[in-house]
Amino acid sequence: MAPYFVPEGVTPYCDDALVVLLTLRGNSVDLIVTDPPFRNFKPQKIREYALGDYNYALLRSILAGARDHLTESGRMLLFQGYREGISLTFELAQENGLQARVLCPAATRGELLAMPPGRFFIMLFEVTRKR
C-alpha cells in the first residue's frame with residue numbers, strides 16, 4: 001500500500017524496524033515511533049508477545065541503538081506503561097546519552113515514579129539526544 005501523502009524529502013518505512021534500521025546510515029533518522037511491550041515477563045502464548053518483554057530486552061535494545069540512528073535534532077516517541085518500565089525508560093535513556101521526558105500526561109518524573117506498583121498508565125515519552 002502506497003502512502004497517501006509524502007512530503008518532499010520524507011521517506012516513510014512501514015516494515016520490521018529492526019530490519020530497516022540495519023539498512024540506514026547512522027544519524028539519519030528524524031523520527032522513530034515505537035510501542036514496545038509494557039510488562040516484564042516471558043511470554044508463553046502467542047497473544048502475550050504484545051504485552052511481555054522479558055527483562056525489558058526489547059526496550060533496552062531500542063534505547064541502546066537510538067542515539068546511533070537519530071539525527072542531532074531527531075526524536076523518538078515511545079509509549080510505556082507500568083511504573084517499572086517508566087522508571088527504566090528514564091534510566092536507560094540517561095545511560096545511552098539520551099534524555100527522556102513525558103509528553104502525555106503532563107507529569108514530572110517524581111510524580112510518575114510515585115505511582116503505586118502494578119498500576120498501569122499509558123505514557124508518551126519523547127526521547128532525544130542530550131543537548
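The model is predicted: local features need pLDDT of at least 70, side-chain atom pairs count only at pLDDT 80 or more, and totals for chains, interfaces and linings use all residues. Residues are numbered from 1 along each chain as its sequence is written, and side-chain values use heavy atoms, with hydrogens and water left out.

Asp53 sits in the loop between strand 1 and helix 2; helices (H or I, at least four residues) and strands (E, at least two) are DSSP runs, numbered from the N terminus. Asp53 is buried but has no salt bridge, and the nearest side chain of opposite charge, that of Arg60, is 7.5 Å away. Here buried means under 20% relative accessible area, exposed over 50%, and partly exposed in between (1.4 Å probe, protein chains only). For charge, Lys and Arg count as positive and Asp and Glu as negative, while His and the chain ends are not counted. Leaving aside residues up to four places away in sequence, Asp53 touches Pro37, Arg39, Asn40, Phe41, Leu58 and Leu59, contact meaning heavy atoms within 4.5 Å.

Tyr56 also lies in the loop between strand 1 and helix 2. Its phi is positive, near 50 degrees, in a residue other than glycine. Tyr56 is buried, with a relative accessible area of 2%. Asn27, in the loop between helix 1 (17-23) and strand 1, has a positive phi of about 50 degrees although it is not a glycine. Asn27 is partly exposed, at a relative accessible area of 39%. Most residues other than glycine have a negative phi.

Strand 1 (residues 29-34) and strand 2 (residues 70-80) run parallel and are joined by five bridges; two strands pair if DSSP finds at least two bridges between them. From strand 1 the chain passes through helix 2 (residues 57-69) to strand 2, in a right-handed β-α-β crossover. Right-handed means that, with the strands pointing away from the viewer, the path from the first strand over the helix to the second runs clockwise. Leu31 stands opposite Arg75 in strand 2.

A salt bridge is a side-chain nitrogen of Lys or Arg within 4 Å of a carboxyl oxygen of Asp or Glu. By this rule there are three salt bridges.

| Salt bridge | N to O distance |
|---|---|
| Arg129 and Glu72 | 3.1 Å |
| Arg75 and Glu126 | 2.9 Å |
| Arg101 and Glu126 | 2.7 Å |

Glu126 lies in strand 4 and Arg101 in strand 3 (residues 98-104), so this pair ties together parts that are 25 residues apart in sequence. Arg75, Arg101 and Glu126 are linked in a network of salt bridges. Within it, Glu126 is buried, with a relative accessible area of 11%, Arg75 is partly exposed at 33%, and Arg101 is partly exposed at 46%.

The remaining pair is Arg129 with Glu72, whose side chains meet in a salt bridge. Arg129 belongs to strand 4 (residues 123-129) and Glu72 to strand 2, so the pair ties together parts 57 residues apart in sequence. Arg129 is buried, with a relative accessible area of 6%, whereas Glu72 is exposed, at 56%.
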